[in-house]
Amino acid sequence: MEPIPAGSKPHEMTDEHDIGDSLTLLADNGDPISIYPASTTNVVMARIKSVDPENPYFVLELNEGEFLPPGDAVFVAWLRAAKVQFKLSSPDWACTPGEPTLIPLDFPTKCQVLNRRASTRLETPLGIYYMASFVLNGKPYELQLYDFSAGGVGMRAPPRDCVGLYVGRKLQRVRLELGPDSVMIADLDIRLSRTFRSFLLGEQVQIGCQFVNLSPSMQEELARLLDKLNLSKQR
C-alpha cells in the first residue's frame, strides 16, 4: 500500500477512541500494514496483533524476517473504504521479551484518513448523538449514526439492537437526525453489515446503507447539511 499522495485531502482522526476502534478493526480483520521507515527505501510488512481494550496501546506483529530500523516510520493500511495513515517514532522499536516479531506501541496522536468512496464521507461530530430511527416488520429500531455522505449513512449498535438488519433489507421512512434541528425522512437499502469490537463500546454491528430515490429537494437539503458539517470540522 502506497502512502497517501501529496496533494490529497485526507481528514484527520484525533479522537483516541476512534483511533482505538480503527486499530481494533485492523487487528480483528488481520489486515496487512505497510511501514515506510524514514531511514530506508525498504517497505516493512506487518499486522496489528492486538489492541488493549482499556488503554491506548497496541501490539504490532512484524512479518517473519522483517526488521524495523530506528527512527520515524509511516504506517499505511486500508480500513473499509478508506486509506489510514499515521506516523510513529522509536529509537529502537523494542520488542516483547522472547518475541522478536512483537512490538508494543502507544496509539498515534492522529491518523490521516483518505476516503475512496464515490462520495465523501463525513464523520458525525464528537459528543453529539445523531440517530436513525425506523420501524421494520412492526419492530422499532434506533441506531446511532457515525457517518453520512451524499450516497448514504453508516449506523452502529450492539448486536441485540440489530436483529433482522441484514444486507438487502429495504428500510422505509427512516428518520435521520443529521444535526441540531435537522431531520430527514428517507428510504435506505442495507449494503453492508458486519460485527466488530469497539475500543470504547464493546461488540458492535456496523450497518452501511445507501439512499434510495432521493427527491431533488432532499438531495439539496442533504448537500446543505454536508457543507455545514464540513465547515464546522474545519474551524
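Trainee: Where does V167 lie?
Mentor: This is a predicted model. In it, V167 sits in the loop that joins β12 (152-157) to β13 (170-177).

Trainee: Buried or exposed, or partly exposed?
Mentor: V167 counts as partly exposed, because its relative accessibility is 49% and the exposed class begins over 50%.

Trainee: What is V167 in contact with, leaving aside neighbours within four places in sequence?
Mentor: I190, R191, L192 and S193.

Trainee: Switching to Q204. Which strand is that in?
Mentor: Q204 belongs to β15, residues 202-212.

Trainee: Is Q204 buried or exposed, and why?
Mentor: Buried, because its relative accessible area is 5% and the cut-off is under 20%.

Trainee: What does Q204 touch, not counting residues up to four places away?
Mentor: One group is R156, A157, P158 and P159; R194, T195, F196 and S198 are also touched by Q204.

Trainee: Now the largest nonpolar core. How many residues, and which have the most contacts inside it?
Mentor: That core has 31 residues, and L23, I35, F58, L60 and F75 have the most contacts inside it.

Trainee: Which element gives the most to this core?
Mentor: α1, with 5 residues. Other elements that give two or more include β2 (33-37), β5 (71-79) and β8 (111-115).

Trainee: What does L23 touch, with residues up to four places away not counted?
Mentor: L23 touches I48, V51, F58, F86, F107 and P108.

Trainee: What other core lies apart from the largest one?
Mentor: One of 29 residues, among them F148, L176, L225 and L226.

Key
Residues numbered from 1 in each chain as written. Predicted model: local features only at pLDDT ≥ 70, side-chain atom pairs only at ≥ 80, totals over all residues. Heavy atoms only, no water. Core = buried A, V, L, I, M, F, W, Y, C linked by side-chain atoms within 4.5 Å. Buried < 20%, exposed > 50% of the residue type's maximum accessible area, 1.4 Å probe, protein only. Helix = DSSP H or I, 4+ residues; strand = E, 2+ residues; numbered from the N terminus. Contact = heavy atoms within 4.5 Å.
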